[in-house]
Every structure is written in C-alpha cells, then in structure tokens.
Amino acid sequence: MADVPKRDQENIEFVFEVLGSGDLGIDAYDLGDALRSLNLNPTLALIEKMGGSKKKKEKYIKFDEFLPIYSQVKKEKEQGCYEDFIECLKLYDKQENGTMLLAELQHALLSLGENLEDEQVETLFADCMDPEDDEGMIPYSQFIQRLMSDPVVFE
C-alpha cells in the first residue's frame, strides 16, 4: 500500500463514496475529477499516464489501486499553484492594475497549453468570472482564486 497519511486516506475514502460505484471503485474516466477534488492539479497527459480513461465504464480503479496513483501525482512538480497562474496572467496586465481583457483570457484558454473547448470556457466563466467592465477588463486574481477553490466540472 502506498505511503499516504491517514488524513489523506480519509479524504480519498470520501471521494470514493461520492464518485465510486460500490465495489467496482471509481470509473477511470473520473480519475482526473477525483484527483482534483483532492486538491491536486494533474495535467491531462498525467491523468492518462496514471490510468485515466477517455470512455466511461471502460475500467474502474479500486481504492488500493488509487493510493499509489494519488502518491505519484502528489509528488509531481508541474502542477502549478496560485502564484504561478497569477504570474502568467500578469503578462496580459498592460495597465499593471490586476485586470486583463476578457478576450485575451478566452483566447489563452482556447489556444494555449491544454486548450479548452468553447463550451468549457463558457462554463468556466459562468462559474468563476466577475462581470467584465465597460472596457472588457476583468480582475484575474479573483478568477484564479475561484477556479482553484471550487473546481469546475465539465459534463
């Protein structure tokens, strides 16, 4: 069994209660959601590497199989944190006042890195975004705070 602290194991058990399918465990399709609900930020590539599936009900991950996955993902260095995201968005803050154009954020999410789909960006903005001002600017630090405190679930 992986070396996972008791408190983390209790949180993982709760995730399995919520996302699990009884004795089957959690659907490998939901691996990313399970890890994110445990305050981890794995990339899509890492989720796939750890056994995540792109199809529902293709395979399941039991609790004892999940623990080493959790440990490995927790050790990953490329997860990003609040400060990292803020530093990236400061590149778009031309007035250096904590705001950026909503259109620039939308473009970045749609075309850079692990880009999102239009529907996902709309959901993300609806759940985490303050309204833009008359000039199309948004405060990006509140957006990042909301995004990191309550992960958005895409259907």
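Predicted model: local features only at pLDDT ≥ 70, side-chain atom pairs only at ≥ 80, totals over all residues.
First, the overall layout. The protein chain splits into domain 1, covering 6-75, and domain 2, covering 82-147. Taken over C-alpha atoms, the centres of domain 1 and domain 2 are 28 Å apart.

Now to the helices. Two packed helices are described by the angle between their axes and the distance between the axes. Take helix α5, residues 82-90, and helix α8, residues 140-149: they pack at about 145°, and 10 Å separate their axes. Who meets whom? On the α5 side we have Y82, F85, I86, L89 and K90, and they meet Y140, S141, I144, Q145 and M148 of α8. Sorted by class, that contact of α5 with α8 holds seven nonpolar residues, two polar ones and one charged one.

Helix α8 has another partner to show you, helix α7, residues 118-128. How do the axes of α7 and α8 cross? They come within 9 Å of each other, at roughly 100°, so α7 is roughly perpendicular to α8. From α7, the residues L124, F125 and C128 meet Q142, F143, R146 and L147 in α8. The contact of α7 with α8 divides into five nonpolar residues, one polar and one charged.

Key. Residues numbered from 1 in each chain as written. Heavy atoms only, no water. Axes fitted to C-alpha atoms, helices over the stretch in contact; angles between N-to-C directions. Helix = DSSP H or I, 4+ residues; strand = E, 2+ residues; numbered from the N terminus. Contact = heavy atoms within 4.5 Å. Nonpolar A, V, L, I, M, F, W, Y, C, P; charged D, E, K, R; others polar. Domains from an automatic or database assignment. Parallel < 35°, antiparallel > 145°, perpendicular 65-115°, else oblique.
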